Amino acid sequence: MTADDTRAARLMLPALAFAGIVVSLMQTLVVPLVHTLPTILGTSASTASWVVTSTLLAAAVVTPISGRLGDMIGKRRMILVSMGFLVVGSVVCALSSTVVPVIIGRALQGAATGAIPLGISILRDEVPKEKVASAISVMSSTMGVGGAVGLPLAAWTAQNYSWHALFWAAAVLGSLVAVAIVVAVPESTVRRPGRFDVPGAVGLAAALVLLLLTLTQGSGWGWTSPLTLGIGSASLVLFVLWGLAELRTPEPLVDLRVSASRTVLLTNTASILVGFAMYAMALTVPQLLQAPPETGYGLGQSMVTAGLVMAPGGIVMMLLSPVSARITGRHGPRITLMVGTLVIAAGYLLGAIAMQELWQLTLVSTVIGAGIGIAYAAMPALIMGAVPLHETGAANGLNSLMRLVGTSLAAAVMTIVLTGNTKPLGPVDVPTEGAFLATFLIGGGAALVALLIACFIPGRSPASTDEVDDTLEPSAAH
């Protein structure tokens, strides 16, 4: 290895982590603008909600597709394509003042989400085995770090500058990521050449769009309305038909036989619940912090302060990466996942009994963030220890998709709880204290169910994980 190669290897993890932070930041970029979007874009509240929904839909559709394409044509190449989407989408939003271009731009930003699982797969392909666990822990933590740290920064920028500045900043960050990837990240040599499953991609995209439309728009349409029930039912039918077709396809977008293995299936199920727990906190704690003091329980804080309360949780995710790697190294990723879900549940229990002071909610969000960081670090390790080396891009993409489904489900459930239990305060209705308590109990319950599921994931020692990798590597060359 030349001196340049050695220098590039040292920079690979920081470059990929930078990419993960920037991509995850896109999820919270417009949160400070949510209540003002109808005014600044000259549209209705329901239409403006698509500025958020379009990002989620694009992320869900593109992530598994980019994972498969990464396995086929190169993971580094697909990360650069993802950054291209992010930069173009950001510029479109920065140059626009009407709702349709902003929705399109936000969808392009969401399409960059696949960079995170692709980065995890590159680390498995290129990093020495003794450093894989710690590298994956750092990369996994970026999913929370970008969102948590980005929220107060986005709020501060929105308060002090034009909202367009948020998108110009995103375009600059995306460009810097692309340069860092070109300079520091080698292209993975692990490939799976073949024909791309276009029908499978179209079928999965259609089913996901209908599912996420049901979850994100159901509260507005009415959960028992014909539109909601019809779209939800159509989604289920499409998923069944897509699954049957994938089982008969020689080179499927998602290898359902591999995905149905006990380890992968249970890990993906737990991922939905951990994603649920993460987003439940992100939705509930800021609302409680910003609720008017006249309610008797609200703290009346600004969006910037609410973001600062959430930020330590994201920082702790990164700081705990070595701890996650150490637990995985000694006891295996299953135990790491169990520890993470237990910490999340403890954080929610703490929130249920201590949500009256600013420092209490800071502690709650930090504990939950710590648990999420530990759990997130375990999931890619579990997935990659159970799938062939040449399937890691697609498998990690599917796992990331499951987390997105969990966040969408959390948004739907928390909306039902918080809007279904309100009391009048002047001209508006606000969630009751009991509603906030219920959200903490639901979030903790999701973490406990994830813990229970993790108990049934087959255990694997670090040594046997290496043996699996060794047996898979020859097949990856074919």
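Helices here are DSSP runs of at least four residues, numbered from the N terminus. By that count, Leu244 sits in helix H11, which covers residues 226–248. The model is a predicted one.

Start with confidence. The chain has a mean pLDDT of 86, and 94% of its residues reach 70 or more. Residues 1–6 fall below 50, and this stretch has one contact in the model beyond near neighbours in sequence. Residues 461–478 also stay under 50. For that segment the model has 23 contacts beyond four places in sequence.

Now return to helix H11 and Leu244. Leu244 has 44% relative accessibility, so it counts as partly exposed.

Next, look at the charged side chains. The structure holds three salt bridges. Asp71 meets Arg68 at 3.6 Å, N to O. Both belong to helix H4, residues 50–73; they are three residues apart and therefore separated by about one helical turn. Asp71 also meets Lys75 in a salt bridge, at 3.7 Å, N to O. Lys75 in turn forms a salt bridge with Asp125, with the closest N and O atoms 2.9 Å apart. That pair links distant parts of the chain: Lys75 lies in helix H5 (residues 75–94) and Asp125 in helix H7 (residues 115–126), 50 residues apart. Shared partners join Arg68, Asp71, Lys75 and Asp125 into one network.

Where do Lys75 and Asp125 lie, buried or exposed? Both are buried. The cut-off for buried is under 20% relative accessible area. Lys75 has 0%, so it counts as buried. Asp71, at 1%, is buried. Arg68, at 4%, is buried too.

Which residues does Ser24 contact, leaving aside neighbours within four places in sequence? They are Ile116, Thr142, Met143, Gly146 and Gly147.

Finish with the strands. S1 (residues 422–425) and S2 (residues 428–431) pair in the antiparallel sense over four bridges. Lys423 has Val430 in S2 as its bridge partner. The two strands form a hairpin with two residues between them. In the turn, Gly426 has a positive phi of about 65°.

Technical notes:
Residues are numbered from 1 along each chain as its sequence is written. This is a predicted model: local features need pLDDT of at least 70, side-chain atom pairs count only at pLDDT 80 or more; totals for chains, interfaces and linings use all residues. Side-chain values use heavy atoms; hydrogens and water are left out. Buried means under 20% relative accessible area, exposed over 50%, partly exposed in between (1.4 Å probe, protein chains only). pLDDT is the predictor's confidence in each residue, from 0 to 100. Contact means heavy atoms within 4.5 Å. Two strands pair if DSSP finds at least two bridges between them. A salt bridge is a side-chain nitrogen of Lys or Arg within 4 Å of a carboxyl oxygen of Asp or Glu.
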